[in-house]
Every structure is written in C-alpha cells, then in structure tokens.
Amino acid sequence: MTDRKPMTLPRLAQMHASGEKIAMLTCYDAAFASLLDEAGVDMLLIGDSLGNVLQGRGSTAPVSLDDMLYHTTCVRRGVKHAFVVADLPFDSYHVSKEEAWKSSAALVKAGAHMVKLEGGGWTAETVRFISERGIPVCVHLGFTPQTVTSLGGFKVQGRDEAGAARMKRETQELVDAGAAMLLYEMVPSTLAAEITAASPVPVIGIGAGVGTSGQVLVLHDMLNITPGRRPRFVKDFMAGKDSILAAVKGYVDEVKAGTFPVDDVHGF
C-alpha cells in the first residue's frame with residue numbers, strides 16, 4: 001500500500017460513479033490511523049462516537065468541539081493516504097450558520113478534509129453556507145445518534161412510505177445545497193440502494209445494506225472490543241485473524257468485494 005496516492009474528494013466521487021466500493025472506519029488516534037492507512041482504508045472518520053467508545057458515555061451528545069479537535073489532530077498525524085472526515089459535535093452547529101462555519105473551520109485547521117453533521121431539513125442552509133466557503137460537507141441521515149432521544153431510541157428510519165419520501169426529499173435538498181457526501185445509518189437496504197443509484201455524490205452506509213457506495217463501522221465494534229451487545233449491522237472481523245492489521249484488511253477486502261454487508265444478515 002506504500003505506492004498509494006492520497007485519497008481526494010474527486011477520487012471518491014469517481015469511485016461512486018464507477019461502482020468501486022469505498023471502505024471507511026472510525027479512528028481516534030495516530031497509532032490506529034497509521035495502521036488503518038496501511039491496511040488500505042479509504043476514509044477515516046473521527047466520529048463523536050468517541051464519547052461512547054473512548055469516554056464511556058451513554059450518548060454522543062456530551063462530546064465537545066475541543067474533544068473533536070484533539071482527536072482530529074491526533075488522527076491526522078498518523079495519516080498518509082486516507083481521506084479524513086470529522087464530526088461536528090452536538091451544539092457546535094445548531095445556533096447559526098456562522099457558528100457552524102467557525103466549528104467547521106476549526107476542524108479543518110486541525111486536519112480534517114471534510115466535516116460531517118447530522119439531519120436534514122433545517123441543515124440544508126447550513127450545508128450551503130459551509131460548502132460555498134470551501135469546506136466539503138457530509139450529511140448523516142436516517143438514525144442520527146445526536147438526536148436519539150427525539151427519535152425514541154435506536155430505531156430504523158424510512159421504513160414506512162412517509163419516512164422514505166421524507167428521506168428522499170431531504171437528500172435532494174442537501175445535495176442541491178452542496179453536500180459532497182451522504183451517510184445513511186439504519187435505513188432499509190432497498191431504500192438506501194435506490195437513493196444511492198440516483199445520487200450524484202457518494203453514499204456511505206452503516207446498517208443500510210450493500211447497495212450504498214461504501215461502508216463505515218465503528219472501529220471498536222468491528223474489532224469486537226466494545227462492551228455489551230453489538231448492533232445487528234456489525235460483524236466481528238477479528239474472528240479467525242491473528243492481528244488487528246489482518247482484521248482491518250479483511251474488512252477492506254469484504255467491502256471492496258461487496259461481500260460485506262450481507263443484507264439478510266446485517267441489513268433491515
């Protein structure tokens with residue numbers, strides 16, 4: 001993998017257009033960033049999931065922008081090739097478009113190539129404001145962890161006709177506003193595949209079936225080191241492997257081949 005060129009947004013768009021799958025994992029420090037880079041992971045997400053897996057919190061809501069800046073800086077120090085995406089944490093982009101820009105700019109200064117925020121509807125104008133000023137934005141739709149309380153828990157989104165129509169409408173609004181990437185979590189596989197086929201930008205899935213442009217998992221989940229029950233859409237890639245590097249390479253290989261996820265096993 002030493003001859004790899006750094007991943008870019010145009011290259012990710014080309015992969016989506018050609019059907020070449022994109023492999024993405026969460027990452028929170030320089031050591032894992034280097035290992036994931038070596039294993040061929042295309043994109044690293046500094047997720048606010050660090051609140052759960054690193055800080056032991058019950059949700060992502062308490063994660064601060066300072067937390068995200070620290071971990072983004074750490075990850076970028078270990079990266080040579082992968083495209084780096086950083087989450088805008090809860091309460092860092094909600095008050096105004098100007099606040100969202102300042103938070104996004106801080107993450108870019110810390111090393112992110114792209115920022116990610118959650119939700120459709122009101123976020124479209126925020127996406128437009130940020131993207132028009134030169135920072136690529138990924139939007140997280142479906143199940144959105146920052147608003148788990150208002151969603152009534154860990155529930156699949158877009159199962160009924162009204163929910164699916166709303167997701168399609170919000171997707172179009174966000175793409176029109178300049179979103180450069182979409183991420184769907186816990187969305188019916190058929191709906192995610194339909195949206196991906198029509199989307200001009202890459203769609204990353206987590207619990208959204210094999211029909212998306214690529215996949216992401218929380219690193220600690222796929223290495224089977226997260227305490228408690230894992231979500232349905234997670235696979236233990238450490239099983240039968242003799243190293244973390246081998247497990248991550250196995251994940252990359254299966255995503256690229258389209259053998260993970262399996263809709264009937266990991267999807268909804």
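**A buried tyrosine and its surroundings**

The model is a predicted one, with pLDDT of at least 70 needed for local features and 80 or more for side-chain atom pairs, while totals for chains, interfaces and linings use all residues. Residues are numbered from 1 along each chain as its sequence is written, and side-chain values use heavy atoms, leaving out hydrogens and water.

Y93 has a ring partner in W122: the centres sit 6.1 Å apart and the planes make 10 degrees, so the pair is stacked. Rings of Phe, Tyr and Trp (its six-membered ring) pair when their centres lie within 6.5 Å, and planes under 30 degrees apart count as stacked, over 60 as edge-to-face and the rest as tilted. The pair links distant parts of the chain, 29 residues apart, with Y93 in the loop between strand 3 (83-87) and helix 5 (97-110) and W122 in the loop between strand 4 (114-118) and helix 6 (123-132). Helices (H or I, at least four residues) and strands (E, at least two) are DSSP runs, numbered from the N terminus. W122, for its part, is partly exposed at 45% relative accessibility.

The ring rule gives four aromatic pairs, and F237, Y251 and F260 make up one aromatic cluster. F260 also turns up in the backbone story, joined to P261 by a cis peptide bond with omega of about 0 degrees. P261 falls in the loop between helix 11 (244-257) and helix 12 (263-266).

Most residues other than glycine have a negative phi, and most peptide bonds are trans. M186 is not a glycine, yet its phi is positive at about 50 degrees. This residue sits in the loop between strand 6 (181-185) and helix 9 (189-198), and at 8% relative accessibility M186 is buried. N224, also not a glycine, has a positive phi of about 60 degrees. N224 lies in the loop between helix 10 (219-222) and helix 11 and is partly exposed at 37%.

Zooming out, the chain holds 12 helices and eight strands. Its radius of gyration is 17 Å, close to the 18 Å from the globule rule for 268 residues, so the chain is as compact as a globular protein of that length; the radius is taken over C-alpha atoms, and the rule is 2.2 Å times the number of residues to the power 0.38. Of the 268 residues, 53% count as buried.

Key:
Buried < 20%, exposed > 50% of the residue type's maximum accessible area, 1.4 Å probe, protein only.
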